[in-house]
Amino acid sequence: MRLVDARALKSLALTAAVVLAFALSVLPVAHLMATVVYRGAAAIARNFPSILFDIPAAPGSRELGGIGPHILGTALLTSIAFAVGVPISLLAAVFTAEAIRSWERIVGRWTRLLVHMMVEFPTIVIGIAVYGAMSSVAPLVRALVPGFRPFSLLSGVVALVLVSAPYMYLQVEDGLKSVPQHVREAIYSLGASRLLTSLVLLRYLKSTVYAALSVGLARMVSETAALFFTAFGSDVYPPLDANLLFRPIGSLTLAVYTLGLSGYENWIELSWAASLVLLLLCLTLFGFSRLLLRGERLGYRSPR
Amino acid sequence: MRMGATRVIVAAALVAIALGALGMLLLQERGAVPATTTGTPTSETAARQVYIVGGGATFINPQMQKWIRDYMEETGGRAAVNYQSIGSGAGEAKWLEGTLDFGASDVAISRAGYQKLLESGRRFIQVPVIAGSIAITYNLPEFAQAGCVLRLTGGMVADIYLGNIIKWSDPRIAELQEERCRSLLPDREIFGVHRSDGSGTTALFTMYLTLVSEEWKERVGYGYTVTWPRDALGLGEGGRGNEGVSAKVQSTPYSIGYVETAYAVQLKLPVAALRNRDGYFVFPNETTVAEALKRAALELPGPQEFWGELPLRHYLNREGKLSYPIVGTPVVFMYLDVPADTARALYDFFRWVLTKGQEREHIVEGFIPLPKELRARALQYLELLVAPR
Amino acid sequence: MGSKRSTDFFCLASAFNVVLMLSVALVVSVLVLRSLPIIHRDGVYPLVTSVWNPTREEYGFLFALGGTLVTASLALLISLALSVGSAVAYAEFIPQKLRPAVKNFMDLAASIPSVVYGLWGLRVLSPFLRSYLMEPLSALGLSGVLGVPSPAGTSFLSASVLLAIMVTPFASSIIRERLLAVPMHVREALYSLGLTKPEVILLELRYIRRSVLTAMAIAFSRAVGETAAVAMVVGNTINPNFFRVFSPGYTISSLIADQYPNAEAYYYMVPALFYAALAMFAVGFAVNVLLLRYGERR
């Protein structure tokens, strides 16, 4: 009798502990999302739609202003970094996975090793390294582009590429490695060149590739630390001219950080608004990748 | 469903492009300026929009942001100024590197920085833009209840942070207070709060302490960050930024701290009266700060001289019945050998700052406009930017 | 493979490998080259002292190294409990119908930008922890051991809890997948021995312990390198007593974020910060290797 009681008790304790752990891992995040939605929506509603275009009002003033330059900055930073990072990571992954000759295999192995290392780098370290590199080449670059600064959209783009390309590379490469040899040989037997074969394989792995790209994009959107000393931040619109690439730019994540730490009521409100915009962006990207994965389940037969 | 993924991507890309285009259109219509702008700038003026980048002192950030907004509004958005509060030291370093168009510091260019400037042979100017002062704030519930105000001398402040004075009831403190307040000083240890991050506020404050205490000069010295002897006794702690120090003093009974007066005013913190060189107890306010600074105007070094010890020599602990002893002027520095349009943009902005920007409606609560003597000198230096080369 | 086919444009793709390799090399070399001056001057001294006095060009960053280790380890412990617990809850107690929703929620949580976690941590979590955990415990006399909470609640503890909340969704999803992948026959065999549910679960966890270690290794390296969120809640104070987790302090990443802008006003601060970054990387790497040695290879 006692044995059964002890067992029931033990079972109950375990259930309780496990449910508690579950609640403790879900509730804070739920609270975070609710807070961001609540406070962000309140701020956005207060000054809609100009909050999406205006610059932040003076700190401590009763006005709210907006986060326009930061939205523009995130759009520019991520779209350019994406356009640069995707070909690099896709083609490097293809080369690594499809390497045949010994020098190719060596290059592939080293790339993989170094990229694995890169993933371990804290992003702030990538940021200061990019800044360090940019400031040492700045005098040379200035001979060509007088307006060039190490604090610039360009530096921000480089940092974002370095932060997210490794992830895209590793995921795509893993995908390519999982393609069975007979599929590859079937394509070759049609007389396709290696480049064409690789492209066909990427198409074959479409959903994996898309999923990798959306993860990469999400990382670019959410990155903060790597932008501190590269994009620098800007609370005003830079002139939208040819020198745009060489001027500092803001981003939504930098806005959350600097405005949120500022201690001024109206800036903190803007920080919540920027958080909500970020949350929505991530939600969209997330939904997007889910949609693609569903496509995989239906249309793409696992090679295994 | 196989085509589903592609279709989703194409649709998303189209939506993104459409949104981007819409955004760009809206931006252009607004001339990429705040909604408050009157009139729509033509695309021609938008193309010739000027843009300058600055960074540095955290203290002047609220004031700088207000100036920038008011100025951009007045110019109809043709000029954009990007100021980031990255700290005085950073402002100097990044400006020296040529990363910023102008740097701003609570004090002035450091000796190391000045050395680099001389080596580079570049021409530059330094210009004060606003007045500031440091308030000694404290948390003494007994004094607050009785309506007493703490009085201190500089030497005593140094002794507190050095750890030579341990308790509020110390006779040296007591003898300074008004009769009725003297007995209210509690037999409690003083908790000394200071800045943890590198800051011009600390630099100015510690410069003052080296002037009033030989021991401080020997043992500690001055700088953006120093080692605080009181911390070693377990009776002191750092707070991040003016906000951190204010918050810590507010929440810790029997503590003392130093903050930019603007913060003390905005947060309504109790402020101690400090004995000046002539022996009078004064509070930091517009009159006492202007009084201390107006003498400095006549002695202001040339725009390209070494200003690193400017506060030490000319601002701090000045004579005069009404002079508050811990005052300073945040300084902005700019190169002269920059492209003409950059020089013009800098000139226009700072000329506005030193003239219209000093009027009450453009000044943030707690900040103090430059005394007119100092303003005149500053404007004179600024002219070098547009002088024929 | 025919050799004719390999003399095509494919080889051009190697250029992109070179780009990736060069960028890694660039980051590593900047890191090493820039920290050389202080390594040359001070050797291991900065790693083992806590005197940070730029005026005298002294840069001991043990306080930040310790802060990083304490926050990341504490976060790891909390996250271990939370992620194992929630993975078990998912596998054993969550009804089949609710699972997709829970899974999506956890995956979404893992993709929220860390700076948003930071803002929430600063404005919501830290004050909460201060009022409901740190203050009561301090009142019980623990402040002598664990330190005095700061007014805003920013502290090592807040940073640890926030990090735990951030890494748990990810760690838990790895453990969850493994737990669900325990072969049916193993499970049935265990039950047929007459074991109770708790006993079976514990044995299952033993069975997948390598995956748990892997998950923890990933969580740890994220916790070590995380910057934006930690810099917002850790308090950014030079605090050599990094075991007093109620008090504010620095981690290496927040030290860099906070001090790097000012660093160039001094001679050795930039090298010191790069040295600190190198140390942080080494710590993360070492712990990772250690945990992965006992965990499974990815």
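## Chain contacts and a buried strand

**View 1. The contact between chain A and chain C in a predicted model.** The contact draws 71 residues from chain A and 65 residues from chain C, two residues being in contact if their C-beta atoms, placed from the backbone, lie within 7 Å. On the side of chain A that touches chain C, helix α1 (residues 2–46) of chain A gives the most, with 18 residues; helices (H or I, at least four residues) and strands (E, at least two) are DSSP runs, numbered from the N terminus. This side of chain A comprises 48 nonpolar, 17 polar and six charged residues, where Ala, Val, Leu, Ile, Met, Phe, Trp, Tyr, Cys and Pro count as nonpolar, Asp, Glu, Lys and Arg as charged, and the others, Gly among them, as polar. The model is predicted, with local features needing pLDDT of at least 70 and side-chain atom pairs counting only at pLDDT 80 or more, whereas totals for chains, interfaces and linings use all residues. Residues are numbered from 1 along each chain as its sequence is written, and chains are lettered from A and ligands numbered from 1 in the order in which they are written.

**View 2. Strand β1 (residues 50–56) of chain B and its partners.** Six of the seven residues of β1(B) are buried (20 or more other C-beta atoms within 10 Å of their own), so the strand is largely enclosed by the rest of the structure. Strand β2 (residues 79–84) of chain B runs parallel to β1(B), joined by six bridges, and B:V53 has B:N82 as its bridge partner there. Over three bridges, β1(B) also pairs in the parallel sense with strand β3 (residues 102–105) of chain B, where B:F102 stands opposite B:G54.

Notes: A residue is buried if 20 or more other C-beta atoms lie within 10 Å of its own, exposed if 12 or fewer, and partly exposed in between; C-beta atoms are placed from the backbone. Two strands pair if DSSP finds at least two bridges between them.
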